[in-house]
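Thanks for coming. I have one structure to go through today, and I will keep to the geometry.

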Amino acid sequence: MKSSPPQFVRRPAVILILGLLVLGIGAVVLVFRQPVGARMADRPPLQPQVDSKPGEPVVDGEVARASGILFSEEEQKIVGLRTAKVTLDTVPHVLSAPGQVAPNESQYAYITPRAAGVVRTVNAHVGQLVRAGDLLATIDSPVVGEARLELYTKLQELEIAKAQAEWEEMVYHNTHELIGLLRKGESPEEIQSRFADRAVGDDRERLMTAYAQYRLAIATVERNRELNAQKLITPKQFQEVTAGYEAAQATYQSLMDQTGFEAKLADTRARQAKRQAETAVRTAEERLRILGVKPDGTEPEMAGGKVAGVKSDETLAAPETSRARETILADATGENSTAVKPVGVPPDSAMNMREAPVSTYSIRAPFDGTILDREMIVPGVAVDTTHRLFTMANLSSVWIEASVHEGDFDMLASSQEGSEVRFRSPAYLDREFEGTVIYSGDLVDEKSRSVKLLAKAANPDRLLKPGMFVEVDILSPRKKAAVQIPTSALLDEGNRTFVFVKTAPDRFVRREVDAEAPRGDLVTIRRGLETGDEVVIEGEYKLKALSVQLASAGH
């Protein structure tokens with residue numbers, strides 16, 4: 001069995017191998033570093049130089065900054081320095097202002113009862129989406145009941161007045177025609193045949209009696225005239241007969257005149273009574289409309305997502321169609337097919353409709369929207385016209401209220417109705433919303449010294465909530481094109497903003513600029529740059545560091 005070599009014999013071999021590895025690694029490093037060292041032999045790596053005139057002393061770092069930095073093209077490639085040309089574009093002015101989301105006031109309503117009463121049913125809750133005309137609640141109101149009962153009475157009086165007017169009109173026309181025939185001297189038989197089925201009223205008896213007596217007086221005087229001519233009667237007898245004829249003629253003529261006048265007067269009075277009854281009905285109807293109730297007891301019709309016929313004072317407009325056979329209460333026999341069901345009872349209710357009091361009326365949604373708030377109301381609670389039963393709004397669109405300080409009024413003046421606004425919310429950092437200006441403000445708030453600008457924004461996803469704070473950018477058109485550069489070119493130092501402008505292939509000058517708030521990848525420059533300037537957009541921080549070194553070194 002062979003013995004292993006001693007431990008002190010193996011150690012020199014290991015040391016020798018490790019030394020050879022270190023020498024090899026060093027050689028490799030020297031080989032790969034040699035070209036860079038050779039290229040940078042004449043100038044230390046990334047060593048900036050101040051571009052100043054020969055013989056001009058540099059007094060401090062600010063002068064060094066203004067004179068520029070020399071940076072060779074090879075050094076620019078090493079640090080990845082890139083530039084871009086200044087562009088001109090007709091971008092709008094951007095005025096930033098704080099704001100908040102508010103409900104669209106044209107689609108926002110406080111639902112209150114129009115008449116005091118007691119809650120009968122409640123059909124809506126907070127957060128419920130409702131359509132125009134949906135039933136929200138029903139209320140029993142003595143005021144509505146009295147108004148309906150008054151309307152019923154006035155309708156009945158109107159029916160009587162209509163019938164009376166029709167009768168008097170018919171009598172007047174028939175009497176006028178009868179008087180015409182009497183004046184022509186038609187025979188009583190002919191007159192009776194023509195007016196057998198026509199209404200003349202009491203005038204028929206009076207006129208026909210007077211006419212018969214008048215005809216008899218004519219016949220009598222004619223017969224006595226012959227007898228008088230033959231001296232068969234005394235002159236006194238003839239005079240008495242003649243006087244009787246003249247009296248009958250006067251009575252007949254005056255009766256015709258009086259009857260014609262009375263018939264016309266009766267017709268006039270009947271028509272006037274009819275108009276008064278119609279006025280009383282319209283007055284009763286308007287009282288119900290003021291209370292928000294349709295006069296015929298039916299529910300309002302819907303049109304375009306809203307209650308049709310609602311006027312600016314929230315009352316129902318008068319119907320355009322005729323009031324033919326308008327009936328409110330059903331007949332006791334149930335034969336009246338035109339009767340409507342009492343207001344305030346759900347359509348699917350199994351309760352007998354005649355059991356619902358005439359005082360019950362319904363409160364319905366005036367437009368499509370969401371119930372935002374509901375007062376603590378339950379059946380049996382007494383309410384009056386000051387109770388805000390429901391608050392509802394259509395949140396498919398909202399208003400944006402922006403507060404513009406008086407220092408920005410000059411820019412606000414160019415933001416006319418229809419201008420575009422964009423706004424962001426801390427709740428949705430990665431999303432920008434758009435809207436349209438509807439009012440640019442005219443009154444200055446005394447405390448905040450600002451005016452309120454209103455914009456309308458679509459809200460189909462219901463992401464915008466009333467009361468939410470937003471940052472609003474108001475866009476207004478410029479009179480001329482503006483200078484724009486990439487946002488990445490801007491650098492800050494304290495309260496100063498600057499860029500590096502490339503003035504030669506290897507020369508860069510620091511230049512202060514007045515910039516607007518960046519929007520996306522571009523920023524508008526008010527002052528400091530001109531068309532054709534070339535600014536650094538990548539590697540600018542390296543130039544800033546070199547500029548700081550120059551300033552601190554005092555070159």
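This is a predicted model: local features need pLDDT of at least 70, side-chain atom pairs count only at pLDDT 80 or more; totals for chains, interfaces and linings use all residues.

The chain has 555 residues, and 34% of them count as buried. Its secondary structure comes to nine helices and 27 strands. If you take contacts between residues at least 6 apart in sequence, 73% of them join residues at least 24 apart.

H6 covers residues 202-229 and H7 covers residues 235-290. How do they pack? The angle between H6 and H7 is about 155 degrees, and the axes are 8 Å apart. Angles over 145 degrees count as roughly antiparallel, so H6 is roughly antiparallel to H7. The crossing of H6 and H7 is left-handed. As for what sits in that contact, the residues divide into 16 nonpolar, eight polar and four charged.

A check on the length of H6 next. With 28 residues at 1.5 Å a residue, H6 should span 40 Å, and its end C-alpha atoms are 41 Å apart, so the two agree.

Which residues of H6 are buried? They are Asp203, Leu207, Met208, Ala210, Tyr211, Tyr214, Ala217, Val221 and Asn224. The elements covering these buried residues include helix H4, at 142-184, helix H5, at 188-194, and H7.

That brings in H4. The same length check works here: 43 residues at 1.5 Å a residue should give 63 Å, and the end C-alpha atoms of H4 are 63 Å apart, which agrees. H4 packs on H6 at an angle of about 10 degrees, with the axes 11 Å apart. Angles under 35 degrees count as roughly parallel, and H4 and H6 are therefore roughly parallel to each other.

On the H4 side of this contact we have Val171, Thr175, Leu178, Ile179 and Leu182, and these meet Asp203, Arg204, Leu207, Met208 and Tyr211 in H6. By class, the residues in the contact of H4 with H6 come to seven nonpolar, one polar and two charged.

Next, backbone angles. Just after H4 comes Gly185, with a positive phi of about 85 degrees. After H6 comes Lys231, again with a positive phi, near 60 degrees, and here the residue is not a glycine. Lys231 lies in the loop between H6 and H7. Is Lys231 buried or exposed? Its relative accessible area is 71%, so Lys231 is exposed.

Arg462 is another non-glycine residue with a positive phi, about 60 degrees. Where is Arg462 found? It sits in the loop between strand S19, at 450-458, and strand S20, at 469-476. The relative accessibility of Arg462 is 29%, so it counts as partly exposed.

Glu401 has a relative accessibility of 15%, and the cut-off for buried is under 20%, so Glu401 counts as buried. What does Glu401 touch, leaving out residues up to four places away in sequence? The list is Pro98, Gly99, Gln100, Ala102, Lys452, Leu453 and Leu454.

That is the end of my list.

How values were computed: Residues are numbered from 1 along each chain as its sequence is written. Side-chain values use heavy atoms; hydrogens and water are left out. Axes are lines fitted to C-alpha atoms, for helices over the stretch in contact, and angles run from 0 to 180 degrees between N-to-C directions. Helices (H or I, at least four residues) and strands (E, at least two) are DSSP runs, numbered from the N terminus. Angles under 35 degrees count as roughly parallel, over 145 as roughly antiparallel, 65 to 115 as roughly perpendicular and the rest as oblique. A crossing is left-handed if the near helix is turned anticlockwise from the far one by less than a right angle, and right-handed if clockwise. Ala, Val, Leu, Ile, Met, Phe, Trp, Tyr, Cys and Pro count as nonpolar, Asp, Glu, Lys and Arg as charged, and the others, Gly among them, as polar. The expected span of a helix is 1.5 Å times one less than its number of residues. Buried means under 20% relative accessible area, exposed over 50%, partly exposed in between (1.4 Å probe, protein chains only). Contact means heavy atoms within 4.5 Å.
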